[in-house]
Amino acid sequence: MNVINKTIELGDGRTITIETGKLAKQADGAVTVRMGDTVLLATVCGAKDAAPGVDFMPLQVDYKEKFSAFGRFPGGFTRREGKASDYEVLTSRLVDRVLRPLFPDDYHAEVFVNIILFSSDGKDMPDALAGLAASAALAVSDIPFNGPISEVRVARIDGEFVVNPTFSQLEKADLDIMVGATADNIMMVEGEMDEVQEADMLEAIKVAHEAIKDHCRVQQELSEACGKTVKREYNHEENDEDLRAAVREACYDKVYSVAVSGSAKQERSDAFGAIKNDFKTQYTEEELEKKGALIDRYYHDVEKEAMRRAILDEGKRLDGRKTTEIRPIWVETDCLPGPHGAAIFTRGETQSLSTVTLGTKNDEKIVDDALVHGKERFLLHYNFPPFSTGEARPQRGVGRREIGHGNLAHRALKRMIPDHYPYVVRIISDILESNGSSSMATVCAGTLALMDAGVPMRKPVSGIAMGLISENKGTNFAVLSDILGDEDHLGDMDFKVTGTKDGITATQMDIKVDGLSYEILERALAQAKEGRLHILGKITDVMPEPRAELKPHAPRIETFTVGKEFIGAIIGPGGKIIQGIQEKTGATISIEEVDNKGVIEISGTNKESIDAAMKAIKAIVAIPEVGEVYEGKISSIMPYGAFVEFMPGKDGLLHISEIDWKRLDTVEESGLQEGDPVTVKLVDIDPKTGKFKLSRKVLMPKPEGYVEPERPQRPPRQNGGGGNRPSYNRDGGGRRGGNNN
């Protein structure tokens with residue numbers, strides 16, 4: 001074996017080791033990346049030729065975590081890893097978005113990148129190493145790739161930037177971003193923040209880039225050591241330069257006139273389609289079978305060039321707006337009667353209908369990933385049906401796009417939900433129309449729906465998507481606010497920024513060229529802030545603050561804490577007590593131990609059921625007090641008295657002498673029977689045994705002329721202590737050694 005190792009020093013005592021030549025040697029490229037006890041294997045395999053008719057980059061990136069990496073069994077009946085979790089999908093997307101723009105434009109062979117987590121101690125975060133592993137696998141292969149790249153996570157903790165923080169460190173961060181870059185340019189940014197300023201985010205990106213430069217240098221050395229600096233030859237495109245010129249000459253002026261006309265999406269799309277179809281009419285069906293795909297490709301290039309020239313030369317966008325102009329916005333709240341909150345946000349030709357559902361602890365999402373096990377109380381689900389873009393096709397479940405867009409909106413809003421908010425919150429965003437930045441429409445509609453539901457958000461959040469048209473390596477560029485779908489598709493950048501009036505809460509940036517200068521990035525952030533605040537003003541004009549009250553049909557929740565020692569008493573044997581309270585009151589009760597306390601949550605559809613359940617629980621946890629009067633129930637009758645359950649789970653002895661002022665020879669003479677209600681007073685608690693002594697007669701008027709009966713005298717003890725004793729005595733409550741409680 002020719003095993004080659006390279007090491008990256010992180011500067012804080014940690015190291016990253018990249019090794020190749022030992023594992024998965026039949027792949028085109030394979031490396032293991034190790035930091036501490038975290039070990040990833042990345043492999044890459046590329047087809048030798050492109051499939052017929054493919055004119056794009058068919059890249060597939062899959063990130064997978066083995067439960068055995070952390071010494072755990074997967075859940076479910078099969079006890080094996082199943083479909084990718086949301087976390088794995090999101091990590092795959094992070095890697096894909098950096099790699100994809102760096103393959104040659106004319107390279108169309110299928111490429112599969114697989115990254116597998118084989119070991120972890122639960123301290124270091126493996127997703128921050130996935131991009132490095134994938135790029136290193138490409139570096140030791142002969143697959144054409146204009147890298148290397150790497151990705152790092154940067155967090156700000158106590159005012160200091162930390163590269164690739166641990167799980168525990170990240171919990172204290174107010175900024176958490178993942179950055180992907182080459183040695184020269186930023187390619188991707190994604191993360192969440194606690195209302196940070198644009199300058200702070202820019203500084204975090206620069207810190208990340210410095211670390212990435214070292215990663216790229218080591219990969220270059222690794223590639224040279226493996227002899228993989230020369231990549232495979234390929235020919236995946238057949239071109240007809242005469243046809244290319246003919247398409248441009250016949251179509252460019254017509255396309256340009258449509259591009260500067262300021263028409264609506266459907267009208268513009270129909271016009272572009274008519275120009276292309278008109279050009280094709282000069283060819284026979286047989287000729288189009290050979291040239292049709294080439295005409296489509298060349299015409300796409302004409303559309304792209306015309307759109308870009310219109311913006312750079314005349315400052316005219318496809319819909320007629322200026323580069324900084326936001327499309328018209330209208331919103332509506334309280335638009336559906338069933339959900340607990342609902343809102344419509346429409347910006348231009350993009351529309352989100354978002355609803356909010358408030359739930360109880362029983363509605364929490366259980367997270368059971370290989371390294372993360374817990375519960376999620378704030379959920380956001382994003383749906384993108386085909387009809388939102390006028391497509392006639394079926395909707396087949398949730399794809400990676402829906403997961404990624406929903407995650408961005410989730411990160412934008414989650415820090416605005418108050419700590420310890422008792423409700424589980426679910427937002428559903430259904431995109432009804434789409435022409436640019438439906439994820440940002442989701443953030444805006446989600447904010448409105450939360451406020452409509454009466455969720456006491458810390459601050460409203462808005463979002464905007466920025467675009468970029470650049471040429472001459474960024475020396476001539478235009479930053480576009482609130483981009484259209486075509487501007488995203490034909491442009492160089494998709495940069496989404498969300499935030500409150502006081503700072504950024506989340507961001508996602510994808511670059512479709514060889515990188516982005518800090519000058520452009522700074523301009524884009526400043527322009528995004530202006531647009532974000534404009535949109536925020538539209539939101540607060542309609543809904544300046546959350547509703548003061550929940551909707552009438554929303555569940556009501558009360559929470560309180562009790563001592564840890566009461567948890568068992570509230571639950572009861574086999575759950576008998578808590579189930580009985582729920583059945584009797586109609587409320588839903590949950591209890592769990594948190595920080596050595598019992599946290600109780602009671603929910604119901606009306607206040608009466610919640611109050612009844614709360615009263616029952618407080619009765620269980622109440623501490624009996626001498627002198628207090630209680631409404632109890634006779635649980636059993638003995639010859640010497642009756643046992644009374646005067647508080648839930650607490651019995652005391654009502655001695656026969658304490659039932660009535662008159663002398664009773666049997667309890668039955670009083671008329672009391674098992675199950676009867678009885679009012680009693682707690683007159684004493686035995687300090688040694690904790691047993692309770694109850695009295696009924698002290699709550700009754702003392703008869704006139706009442707004389708306390710004399711106690712019977714005990715016979716003297718005989719030598720040896722074996723004299724006769726009475727069977728019962730009025731003080732002892734029964735035979736000696738008997739149970740008087």
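**Close-up views of a predicted model**

A search of the whole structure finds zero disulfides, a disulfide being a pair of cysteine sulfur atoms within 2.5 Å. This is a predicted model, in which local features need pLDDT of at least 70 and side-chain atom pairs count only at pLDDT 80 or more, while totals for chains, interfaces and linings use all residues. Residues are numbered from 1 along each chain as its sequence is written, and side-chain values use heavy atoms, with hydrogens and water left out.

View 1. Cys45 is in no disulfide. The nearest cysteine sulfur belongs to Cys226, 16 Å away. Is Cys45 buried or partly exposed? Cys45 counts as partly exposed because its relative accessibility is 35%. Cys251, at 1%, counts as buried. Here buried means under 20% relative accessible area, exposed means over 50%, and partly exposed lies in between (1.4 Å probe, protein chains only).

**View 2. The largest nonpolar core.** A nonpolar core is a set of buried Ala, Val, Leu, Ile, Met, Phe, Trp, Tyr and Cys residues joined through side-chain atoms within 4.5 Å. The largest one holds 86 residues. Phe345, Leu358, Met493, Phe495 and Met509 touch the most other members. Helix H9 (residues 438-452) gives the most to this core, with nine residues. Helices (H or I, at least four residues) and strands (E, at least two) are DSSP runs, numbered from the N terminus. A second, separate core has 46 residues, among them Leu99, Leu117, Ala136 and Met188.

**View 3. The surroundings of Phe345.** Contact means heavy atoms within 4.5 Å. Neighbours within four places in sequence are left aside. The contacts of Phe345 then include Ile329, Trp330, Val331, Ala441, Cys444, Ala445 and Leu448. Ile535 and Ile539 also touch Phe345.

**View 4. An open sheet of eight strands.** The order is S8-S7-S9-S10-S21-S20-S18-S19, with antiparallel pairing. Two strands pair if DSSP finds at least two bridges between them. Strand S8 (160-163) and strand S19 (476-481) stand at the edges. Each has a single partner strand, so one side of each is left without a neighbour in the sheet. The twist averages 15° from one strand to the next. Eight bridges join strand S7 (residues 150-157) to strand S9 (residues 173-181). Ser150 stands opposite Ala181 in S9. Helix H8 (residues 400-414) packs on the sheet and touches S9, S10, strand S20 (493-500) and S21. The direction of H8 makes about 160° with that of S21. Axes are lines fitted to C-alpha atoms, for helices over the stretch in contact, and angles run from 0 to 180 degrees between N-to-C directions.

**View 5. Strands S4, S5 and S6.** Strand S4 (residues 38-46) and strand S6 (residues 111-119) pair in the antiparallel sense over eight bridges. Leu40 stands opposite Leu117 in S6. How do S5 and S6 pair, in the parallel or the antiparallel sense? Strand S5 (residues 59-65) pairs with S6 in the parallel sense, over seven bridges. Tyr63 stands opposite Ile115 in S6.

**View 6. An open sheet of three strands.** The order is S22-S24-S23, and the pairing is antiparallel. Strand S22 (556-563) and strand S23 (588-594) are the edge strands, each pairing on one side only. Seven bridges join S23 to strand S24 (residues 597-604). Glu593 has Gly598 in S24 as its bridge partner. Helix H14 (residues 607-621) packs on this sheet, touching S22, S23 and S24.
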